[in-house]
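Me: I should like to go through the assignments made for this protein and ask what each of them rests on. Please set each value against the criterion that it has to meet.

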Amino acid sequence: MRVLQVAHGFPPYSVGGVEYHVAQLTHALRAIDVHSDIFCRVPDPSLADYVVREEPLGQGSLLFMVVNNGVWGALAEQSYRDPRIGSIFDDFLKRRKPELVHFHHMIALSGDLPERAVRQGVPCVMTLHDYWLFCPRIQLLRPDGQVCSGPQEGAACAGCVLPAGPLGAAERAARRIYGRLPLRARGNVKALYRHLRVRRLQEKAGRADASHARIDFFRRRLEHMRAQFACVSWAIAPSQALVDRYSNAGFDAAKLVVMQHGLAPMARRPARRRPGGKPRFCFIGSVMAHKGLHVFLDAMERLGPCAEGVIYGQRPDYDYAQAMERSLRRPGLTHVRWLGPYHPEDLPAIFAAADALVVPSIWPEAFSLVTREAFQAGVPVVASALGGMTEAISHEGNGLLVPPGDANALGQAMERLVAEPGLLEQLRQGARRTEVKEMSEYAGDIAKAYAAVRKTAAALHDGTQ
């Protein structure tokens, strides 16, 4: 079977939970004779928007990338539906003729791709990874850091999302510099570009208002996304929490199927700790506000030097990363170190040196891959009691749950692991016992779903002849 995977990025040009998930799924599907092309967006400020790049993926598969660097205005339809990318997608479908399209993310691509696939007679499935279909800010977080209860048919979005404007001279200069750097050195320049862009937009936009025109725009956006969702045969949600959010936002719950993501196998390494060393708490993830690194730092400061903290992560948010670096210079955080970015192959060694993973997210995580990766390594997790994490973590079983955004509660939970005899070992045993679905099993389930969708689509097609 030949399918098309659609995502907003693909390693090594774009890295993150969704990107790695698609890469691992593609590899696992290939082992059972399901071959995937990749249609994705690539950020490359050195190139003009809509330039196309192609690379072979082996065994006849193709990585097809469309350059798109845009940060669009909140009242521009291009923010969710881009006819030029849609046309490129149409041509790609005609050229490659996939038997099915699996949508993972369409941000920075075009939200009408499911409709375009169905128009060419290609059935579709979708995996939901966040809230972008009904939340233009993606994480369902308002600017004040509070979790939004839902779009309210566009009214909630209208007072939440800033409009945009044209590129300024500083952004254009950053784009030129970006193209002269090797791939691994581009991260900081890309973060600076985004910082300059967002700062300019905020200065230009001031404060978003909830005018009737804005409400109408976001209502139309929401209706468009519901219509695209109606085009897919079914949609995977990795947690019941995500199903509930989408159902409450008016998406067809009958299409939603809960299926936990599969993970690539991870070898457990023996614990690597110094004799008499302090307990080590580990933060792993993108250094962005919704991941809650600031909450972790405040909790570590309250905990004091009876434990040590380490941070691993990319820095895609320039402003936030700068603020966190300033925080680390506070006198009360000398026991916390930022050890830089990591790659998936580094995780066994990172977890072998950790006593607990801390996931202080302030957004309702759809799944939390890193939580399951910790369980694969037999490491307990201290996390926010929010979203999909509540379905993975058994409080005092394989980890501890705390109120989101509450640094005091997080610090107290970590202090329990330092001070309470036997608690850390109890949670370690619980983490080791926690079952995590392997990617090979997950890929098998996905392949069966592909076959079922194709069979149904063929029957419907035959019935119209």
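Me: Why is Phe134 called buried?

Reply: The model is a predicted one, and its relative accessible area for Phe134 is 3%. Buried means under 20%, so Phe134 is classed as buried.

Me: Where is Phe134 placed, and what does Phe134 touch?

Reply: Phe134 lies in the loop between β6 (124-127) and α4 (155-158). Leaving aside residues up to four places away in sequence, Phe134 touches Leu140, Pro151, Cys157, Arg221, Leu222, Arg245, Tyr246, Ala249 and Phe251.

Me: Which residues of helix α8 are buried, and what covers them?

Reply: In α8 (residues 240-248), Ala241, Leu242, Val243 and Tyr246 are buried. Their cover includes β7 (234-237), β8 and α13 (389-392). After α8 comes Gly250, with a positive phi near 95 degrees.

Me: How do you know that the length of α2 agrees with that of a helix?

Reply: At 1.5 Å a residue, the 14 residues of α2 should span 20 Å. The end C-alpha atoms of α2 are 20 Å apart, so the two values agree.

Me: What is found at the start of α2, and what follows α2?

Reply: At the start of α2, a side-chain oxygen of Asp82 comes to within 3.0 Å of the backbone nitrogen of Arg84. The cut-off for a polar contact is 3.5 Å, so the distance for this pair meets it. α2 is followed by Lys97, which has a positive phi near 50 degrees.

Me: Which residues of α2 are buried, and what do they pack against?

Reply: Ile85, Gly86, Ile88, Phe89, Asp90, Phe92 and Leu93 are buried in α2. The buried residues of this helix pack against β1, β2, β3, β4, β5 and α3 (113-119).

Me: What is the order of the strands in the open sheet of eight strands, and which are its edge strands?

Reply: The order is β3-β4-β2-β1-β5-β6-β7-β8, and the pairing is mixed. The edge strands are β3 (52-58) and β8 (256-258), each of which pairs on one side only. On average, neighbouring strands of this sheet are turned by 20 degrees against each other, direction ignored. Helix α2 (residues 83-96) packs on the sheet and touches β1 (2-7), β2 (35-42), β3, β4 and β5 (100-103), and its direction makes about 165 degrees with that of β4.

Me: What makes β3 and β4 a pair?

Reply: β3 and β4 (residues 61-67) are joined over six bridges in the antiparallel sense. At least two bridges are required, so β3 and β4 count as paired. Val66 in β4 is the bridge partner of Val52.

Me: Why are β11 and β14 said to stand at the edges?

Reply: The sheet concerned is an open one of six strands with parallel pairing, in the order β11-β10-β9-β12-β13-β14. β11 (336-338) and β14 (399-402) each have a single partner strand, so one side of each is left without a neighbour in the sheet.

Me: What makes β9 and β12 a pair?

Reply: Strand β9 (residues 280-284) and strand β12 (residues 356-359) pair in the parallel sense over two bridges. Phe281 stands opposite Ala356 in β12. α9 packs on this sheet, touching β9, β10 (308-312), β11 and β12, with its direction at about 165 degrees to that of β10. Helix α10 (residues 318-328) lies across β10 and β11 and runs at about 145 degrees to β11.

Me: Which residues have the most contacts inside the largest nonpolar core?

Reply: They are Phe39, Phe89, Val101, Phe103, Leu133, Phe281 and Phe296, in a core of 86 residues. Helix α9 (residues 293-303) gives the most to this core, with seven residues. Phe89 touches Leu4, Val6, Phe39, Val101, Phe103, Leu113, Arg116 and Ala117, residues up to four places away in sequence not being counted. A second, separate core has 25 residues, among them Leu347, Leu357, Met389 and Ala392.

Conventions:
Residues are numbered from 1 along each chain as its sequence is written. This is a predicted model: local features need pLDDT of at least 70, side-chain atom pairs count only at pLDDT 80 or more; totals for chains, interfaces and linings use all residues. Side-chain values use heavy atoms; hydrogens and water are left out. Helices (H or I, at least four residues) and strands (E, at least two) are DSSP runs, numbered from the N terminus. Axes are lines fitted to C-alpha atoms, for helices over the stretch in contact, and angles run from 0 to 180 degrees between N-to-C directions. Contact means heavy atoms within 4.5 Å. The expected span of a helix is 1.5 Å times one less than its number of residues. Buried means under 20% relative accessible area, exposed over 50%, partly exposed in between (1.4 Å probe, protein chains only). A polar contact is a pair of N or O atoms within 3.5 Å; within protein, one must be able to donate a hydrogen and the other to accept it, and residues adjacent in sequence count only if both atoms are side-chain atoms. A nonpolar core is a set of buried Ala, Val, Leu, Ile, Met, Phe, Trp, Tyr and Cys residues joined through side-chain atoms within 4.5 Å.
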